[in-house]
Amino acid sequence: MPSLDFDLEESAFRAFYAQQSTSLEDACTALTAMVAATVAQAGGVDIAKVEGRVKDVDECIRKFVRKYRPALEESNTAYDIESYITDLIGVRVVCLYEDELEKIAQIMRARFAVIDVTDKVSAVESTEASFGYKGLHLDLRLSAAERALPEHAAYAHRPFELQVRTIIQDSWSVLDHRIKYKKSIPGQLKRRINVLAALFELADREFLQIRDATAAELLQAPDETAEPVPDATTDGDNGDGSQPTPRAASASSELNAFTFLKIATHFFKDFEFEPSKVDSFVDDIQVWSPGMTRARFNALMRETVGVIKRYKQHFEEQNPQASFNPYTVIRHCLYLSNKAAFRPALRNSARESFEAWLLEHGEPRPH
């Protein structure tokens, strides 16, 4: 029976917690798996992790004392602590970008029954006085239909709190809880804490804008499928046999990850180039041939890819188990275009095999 005796209710809650600890852990595991599966099936968001936890008993009691006890006792309302701890089971979804918070919330609303929503993003952004912890909290339970299923009987009655955060918000939350004093402190120290919080908020915003800028670059990268137009850094001469003085490629003409992808996907339409591999590969090209431009790269691919495709066919006939993927094709194209500059593009064994084939078939030798 609920009462106004805090010591009695605390003792009852601790007894309940000890008795239910195993079933709480089992329920947490099941609900965490359900949330993870729901997000994965919906798709469309980048998830860093999904994790669950059962709230510590002392933390539960401190929360009740802080948030509910004063008002309940002031109004002479009997209580039992368990009824006020809706986040006894907590599940956290950590995504990459801030605009995915609401997407995940919508996915969860479609699957679970919503008890309450706390939007800490809007709460923090609506004030100029503080930065603080941001995120989206939803108090949920299984839908009526799912509560009726026998496989959910053990935890069908249990609510749980879902926290949805970005990686940056999650990191700040961890650090924020390590700062022991944040309110009744000297102004200079409070200002430093707020500056730190602002840096995390700025990082979240910049991360989102970098994602959008990257997508825009991929859409706006210049068309390299037409015949190349010589530019200031394209190999050639001055008309008298002398070489021109090299000039640095402009930002719009340099070979970078975006312009490389535009060209490479023209030659290899059905191949998915992984961003991390593209990044490293283009960096290698610029080390082997500083100042490489998109026009020069496009030109050397057009000049050499026919020869390399013939060699690829020969190689695969001789080595059925070996891989000759688009990166391997491009490495051979680079090498064929300039033996001295792009010698590191091929290993010794690959280079020797390729040169032997060139000699046997009378193909053009590398420069």
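Helix axes are treated here as lines fitted to C-alpha atoms over the stretch in contact, and angles between them run from 0 to 180 degrees between N-to-C directions. The structure is a predicted model, in which local features need pLDDT of at least 70 and side-chain atom pairs count only at pLDDT 80 or more, whereas totals for chains, interfaces and linings use all residues. Residues are numbered from 1 along each chain as its sequence is written, and side-chain values use heavy atoms, with hydrogens and water left out.

The secondary structure of the chain consists of 13 helices and five strands, where helices (H or I, at least four residues) and strands (E, at least two) are DSSP runs numbered from the N terminus. Of the 367 residues in the chain, 39% are buried, the term buried denoting under 20% relative accessible area, exposed over 50%, and partly exposed the range in between (1.4 Å probe, protein chains only). The accessible surface of the chain amounts to about 20800 Å², with 52% belonging to carbon and sulfur atoms; these areas come from the Shrake-Rupley method with a 1.4 Å probe, and for residues only the protein chains shown count as cover. Among contacts (heavy atoms within 4.5 Å) with a separation of 6 or more, 72% are between residues 24 or more positions apart.

Helix 9 (residues 257-267) packs against helix 10 (residues 275-288) at an angle of about 100°, the two axes being 10 Å apart. The pair is therefore roughly perpendicular, a class that covers angles of 65 to 115 degrees, while those under 35 count as roughly parallel, those over 145 as roughly antiparallel and the rest as oblique. On the side of helix 9 the contact is made by Ala 257, Phe 260 and Leu 261, which meet Val 278, Phe 281, Val 282 and Ile 285 of helix 10. By class, this contact of helix 9 with helix 10 has seven nonpolar, no polar and no charged residues, with Ala, Val, Leu, Ile, Met, Phe, Trp, Tyr, Cys and Pro counted as nonpolar, Asp, Glu, Lys and Arg as charged, and the others, Gly among them, as polar.

Within helix 9, Thr 259, Phe 260, Leu 261, Ile 263, Ala 264 and Phe 267 are buried, and the buried residues of helix 9 pack against helix 8 (187-220), helix 10, helix 11 (294-318) and helix 12 (326-337). The N-terminal end of helix 9 is capped by Asn 256, a side-chain oxygen of which lies 3.0 Å from the backbone nitrogen of Phe 258. Phe 258 is also separated by 9.5 Å, C-alpha to C-alpha, from Ala 215, a residue 43 positions away along the chain; Ala 215 belongs to helix 8 and is partly exposed, with a relative accessible area of 40%.

Further residues were examined elsewhere in the chain. Lys 309, placed in helix 11, is partly exposed at 45% relative accessibility. Arg 165, in strand 5 (residues 160-166), is buried with a relative accessible area of 5%. Asn 76, in the loop between helix 3 (69-74) and strand 2 (89-95), is exposed at 58% relative accessibility and has a positive phi of about 60° although it is not a glycine. Most residues other than glycine have a negative phi.

Conventions: Polar contact = N/O pair within 3.5 Å; in protein donor to acceptor, adjacent residues only side chain to side chain.
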